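I opened this notebook to record what I looked up in one structure. The entries follow the order in which I examined it.

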Amino acid sequence: MTHDDTPTSRLPTYFISHGGGPWPWMKKEMGATYDKLAASLADMPRQIGRKPSAILMVSAHWEAPAFTVQGNPKPPMIYDYGGFPAHTYEVHYDSPGSPELAQRVHSLIAAAGLPVQIDPERGYDHGMFSPMAAIYPQADVPVVQLSLRRGLDPAEHLALGRAIAPLRDENVLIVGSGLSYHNLRNFGPQAHGVSKAFDDWLDEAVVKSDAAGRSAQLLDWASAPAARMAHPREEHLIPLMVAVGAAESEAGERVYHEDAFMGGLVVSSFRFGA
């Protein structure tokens, strides 16, 4: 696939599996566990073909009553995990925020008639800083986070994606950060079957289906094979709806896949458009 390097070309959107906790800072403890995921994230700049002006990151780890945009020009770190080594509560990913982008995102969402607000204090959660440490390790691209909306309505989040789609023509990369499988009570080799059943459906729905049918299938995701075993609560899947909504008429491609993550989980990431 070729990519147009001119600044006016449209950027793709992504739904990435972001891994567990502060994994980029745990190489000694984790060994090769995250090597394939890290490689896929590190390859995103090559796939995109140029450096975005900024990234809008929709993280599974932020829900709010209205869609909420991070307006902090220098977001602090939010260590929203537990039970990890002490040094992981001191890690930093020091990309700047962008109040200007926050205002632009707010305007687009408001114009679509969706509830939206700006949080001037919000920091970066690990759904952002863990994958970003692999994508842009120099932390030299501004990043603004955007929350999910409580209730996790797939249709609302597809609509959110449609609302922010113009950013793709403004050199802003839209990334949905979640996990294609997220059941922490059933995580490991014993979950191979259910994770594969859901991942097979996901690939069929977002890559092999035509773009017109994709959104309809995602609206009914809970009827998919093993859906509620893969996502007892769907906050780690809903960022996918935003990535799809922002590239709704364009093709999808699986850009990361492994079938023995953590000893047996089947997990994937996807790119849409461009």
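**Entry 1: the model.** I note at the outset that this is a predicted model.

**Entry 2: N183.** I located N183 in the loop that runs between strand 6 (172–178) and helix 7 (192–208). Is N183 buried or exposed? I found a relative accessibility of 11% for N183, and because buried means under 20%, N183 counts as buried. I then followed the side chain of N183, which reaches the backbone oxygen of M229 at 2.8 Å. Setting aside neighbours within four places in sequence, I listed M229, A230 and P232 as the residues in contact with N183.

**Entry 3: helix 7.** I next asked which residues of helix 7 are buried. I recorded V194, S195, F198, D199, W201, L202, D203, A205 and V206. The cover over these buried residues includes helix 8, helix 9 (227–230) and helix 10, together with strand 7 (252–261) and strand 8 (265–272).

**Entry 4: helix 8 and helix 10.** I turned to the pair formed by helix 8 (residues 211–219) and helix 10 (residues 238–245), whose axes come within 11 Å and cross at roughly 160 degrees. Angles over 145 degrees count as roughly antiparallel, so helix 8 is roughly antiparallel to helix 10. I noted the crossing of the two helices as left-handed. Which residues meet here? R214, S215 and L218 in helix 8 meet L240, M241 and V244 in helix 10. I sorted the residues of this contact into four nonpolar, one polar and one charged.

How values were computed:
Residues are numbered from 1 along each chain as its sequence is written. This is a predicted model: local features need pLDDT of at least 70, side-chain atom pairs count only at pLDDT 80 or more; totals for chains, interfaces and linings use all residues. Side-chain values use heavy atoms; hydrogens and water are left out. Helices (H or I, at least four residues) and strands (E, at least two) are DSSP runs, numbered from the N terminus. Buried means under 20% relative accessible area, exposed over 50%, partly exposed in between (1.4 Å probe, protein chains only). A polar contact is a pair of N or O atoms within 3.5 Å; within protein, one must be able to donate a hydrogen and the other to accept it, and residues adjacent in sequence count only if both atoms are side-chain atoms. Contact means heavy atoms within 4.5 Å. Axes are lines fitted to C-alpha atoms, for helices over the stretch in contact, and angles run from 0 to 180 degrees between N-to-C directions. Angles under 35 degrees count as roughly parallel, over 145 as roughly antiparallel, 65 to 115 as roughly perpendicular and the rest as oblique. A crossing is left-handed if the near helix is turned anticlockwise from the far one by less than a right angle, and right-handed if clockwise. Ala, Val, Leu, Ile, Met, Phe, Trp, Tyr, Cys and Pro count as nonpolar, Asp, Glu, Lys and Arg as charged, and the others, Gly among them, as polar.
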